Amino acid sequence: MTIDTVVAEYKAMANNARLFDRRNEFIAVMLEAEAARFEALKQRKPITTGANNWKFPLDTEYAAHALAERIIAKIDPDRQGDVNFCQIAEPGYDPNIGVFANWNKYPKWARAIEKLERLGCPISAEWSDEWVDCHECGNAYRSQPDSYGWTKSWWFGPYDCEIICADCTRKHMLDEYLEWLSESHERADTFLDDRDLEDAGWKQLDYTFENGLYGGQSASPAKIAAWLRKQGVEKFLFKIGTVGQFDMGFTVWVPDEADIDEHYFKTDADWGRMNGPDPAEMAKKALKSVPPMPVSEVGKAQYVKE
Ligand SMILES: [Zn+2]
């Protein structure tokens, strides 16, 4: 028997109950509720069995929402802002409803949420000091790295005051973001795809720069900026690509119409003319400049003149 058949059956029974006698209204409502529950199960939607009595299949977003609301009502009944919840949209994370708090204060609730997650509910307990939410869409993004390769999926908006996520930037303010990036060589994109930039009329210069602790990883955005300005290119931006434990790679982008001799650019990059001081050399010099440790009295070799 399919769910549709069961639903139709319950609906028919509800109709009959109602037709038979007005006093059967209660039975009719219960039968309709059961029909609704089956329909909801099929469509994974929330259902109601009365004004204040919601029931949800546990593995739905609605269940996660309702549970998050109830948990917050328990932990923070006066809504002091100690606990919050919103949709997680961080790349690489399940799109759960995140409940954000300092869980050291509520370990029991953290465990309850973890248990719900294990049971298939799309909910998770997250630390409130590691996340931010987007001013436009309200979705949650990490503000603290969770791995060496992590990069930020948001920025502070054109006025440096509101958190705007990657999605909202793409949808509503890509031009403002690119403008903001191109205003300073101390800024670099961390979340756009190459496609986004290409579609917006930018081209990547054919070179990947490296910055880090290893020898030769000393590409300097300030020197690259100076080089570009010398070629008459006023508009350019930097984009961070790969990030490792001790280093990262970045690329340089210019508007499509910018006239650059890419061969010359590459040659100068290869010759290190866009490099700052070499980090490995600096480390060597720094170590050399450390004065030798004085030998302690105890450790001094005795020299006896014959
Ligand atoms: Zn957003």
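**View 1. Contacts of Cys 165.** Beyond its neighbours within four places in sequence, Cys 165 is in contact with Ala 89, Cys 134, Cys 137, Asn 139, Tyr 141, Ser 153 and Trp 154. Two residues are in contact if their C-beta atoms, placed from the backbone, lie within 7 Å. The model is predicted: local features need pLDDT of at least 70, side-chain atom pairs count only at pLDDT 80 or more, and totals for chains, interfaces and linings use all residues. Residues are numbered from 1 along each chain as its sequence is written.

**View 2. The largest nonpolar core.** This core has 36 residues, and Tyr 141, Trp 154, Cys 165 and Trp 253 touch the most other members. A nonpolar core is a set of buried Ala, Val, Leu, Ile, Met, Phe, Trp, Tyr and Cys residues joined through C-beta atoms within 7 Å. Buried means that 20 or more other C-beta atoms, placed from the backbone, lie within 10 Å of the residue's own. Strand 13 (residues 247-255) gives the most to the core, with five residues. Strands are DSSP runs of E, at least two residues long; helices are runs of H or I, at least four; both are numbered from the N terminus.

View 3. Three strands form a mixed sheet in the order 3-4-5. Strand 3 (84-87) and strand 5 (123-127) are the edges, each with a single partner strand, so one side of each has no neighbour in the sheet. Two strands pair if DSSP finds at least two bridges between them. Strand 4 (residues 97-101) and strand 5 pair in the parallel sense over five bridges. Phe 100 has Glu 126 in strand 5 as its bridge partner.

Terms used. A residue is buried if 20 or more other C-beta atoms lie within 10 Å of its own, exposed if 12 or fewer, and partly exposed in between; C-beta atoms are placed from the backbone.
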